[in-house]
Amino acid sequence: MYTSGNAYGVDVSAYQGSVAWGTLRAEGFQFAYVKATEGTNYTSSRFGSQYSGSYSAGMIRGAYHFALPNQSSGSYQADYFIAHGGGWSRDGRTLPGALDIEYNPYGSSCYGYGWSGMTSWIKSFVNRYHYRTGRYPVVYTTYDWWATCTGNTSALAGLTPFWIAQYSHVPTQLPAGTRSSYIWQYSQSGGLDKNRFNGTIAGLRSLALR
């Protein structure tokens, strides 16, 4: 259960530009996910400064990749992500990379895939990331997209920590086989996406080191 002792964080992309990391840290935010890549031909021009800036402010940070499954295979996009900042290091301050998989902003909601095909694509990304880094990535999604585009598969239950976006209340509908989300994106306000980790800062450090 989410409690008042949970750790809070933000996620950002090039859209946010220069981020006042010191101010956010002083306000109590303890972690950040920073967009590194999208598909197979985009790297964020702000990734380096945002990634290092959050670290310098004392946050635990991680990188995320926005998936475009219609462009290339999951394993190829995992390699692209890792090559452009999405790797993991066991320093206690770096979270495993995250796969952002959601409704297609550029076309077909499920990128032209059926349930089994989309599930296979996600597994390809997840397994390649694990092979390359030794960690399973976090998977960011909404329950609605997961049900619509994977048929609410349980294929990743127990492997990947889920990061669920739900703005009206604590997530109660979750990917099949998942008892709770590790991270809850609960708000888009002040130009930032805000998140709550389902655990204390000690638990967050454990996720970084696991």
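Residues are numbered from 1 along each chain as its sequence is written, and side-chain values use heavy atoms, with hydrogens and water left out. Because the model is predicted, local features need pLDDT of at least 70 and side-chain atom pairs count only at pLDDT 80 or more, while totals for chains, interfaces and linings use all residues.

A disulfide is a covalent bond between the sulfur atoms of two cysteines. With a disulfide taken as a pair of cysteine sulfur atoms within 2.5 Å, the count comes to 1 disulfide. The bond is formed by Cys110 and Cys149, whose sulfur atoms are 2.0 Å apart. Cys110 lies in the loop between β5 (98-100) and α4 (115-133), and Cys149 lies in helix α5 (residues 143-150), so that the pair links distant parts of the chain, 39 residues apart. Helices (H or I, at least four residues) and strands (E, at least two) are DSSP runs, numbered from the N terminus. The torsion about the S-S bond of Cys110 and Cys149 is about -75°, and the disulfide is therefore left-handed. Both cysteines, Cys110 and Cys149, are buried; buried means under 20% relative accessible area, exposed over 50%, and partly exposed in between (1.4 Å probe, protein chains only).

Rolling a probe the size of a water molecule over the atoms shows where empty space is left. A pocket is found on a 1 Å grid over the protein atoms alone, as an open set of points where a 1.4 Å probe fits, with protein on both sides within 12 Å along at least five of seven lines; lining residues have an atom within 4 Å of a point. Grid points are joined across faces, edges and corners, and a volume is the space filled by probe spheres set on the points.

The largest pocket holds about 270 Å³ of space. Its lining consists of 18 residues, and Asp11, Tyr64, Asp100, Glu102 and Asp193 lie nearest the centre. Two or more residues of this lining come from each of β1 (8-12), β4 (60-66), β5 and β8 (183-189). The largest share, 3 residues, is given by β5. By type, the lining of the largest pocket has 9 nonpolar, 4 polar and 5 charged residues. Here Ala, Val, Leu, Ile, Met, Phe, Trp, Tyr, Cys and Pro count as nonpolar, Asp, Glu, Lys and Arg as charged, and the others, Gly among them, as polar.

For the second largest pocket the volume is about 220 Å³. It is lined by 14 residues, with Gly158, Leu159, Thr160, Pro161 and Tyr182 the closest to its centre. The lining of the second largest pocket divides into 7 nonpolar, 5 polar and 2 charged residues.

Side chains of opposite charge can pair when their charged atoms come close. In the whole structure 3 salt bridges are found, a salt bridge being a side-chain nitrogen of Lys or Arg within 4 Å of a carboxyl oxygen of Asp or Glu. Lys35 pairs with Glu38, with the closest N and O atoms 2.6 Å apart. Lys35 is buried at a relative accessible area of 10%, and Glu38 is buried at 10%.

Arg128 forms a salt bridge with Asp79, at 2.9 Å between the closest N and O atoms. Arg128 lies in helix α4 and Asp79 in helix α3 (residues 74-86), so this pair ties together parts that are 49 residues apart in sequence. Asp79 also meets Arg132 in a salt bridge (2.7 Å, N to O). Arg132 lies in helix α4, and this pair therefore ties together parts 53 residues apart in sequence. Salt bridges that share partners join Asp79, Arg128 and Arg132 into one network. Relative accessibility is 23% for Asp79, 27% for Arg128 and 41% for Arg132.
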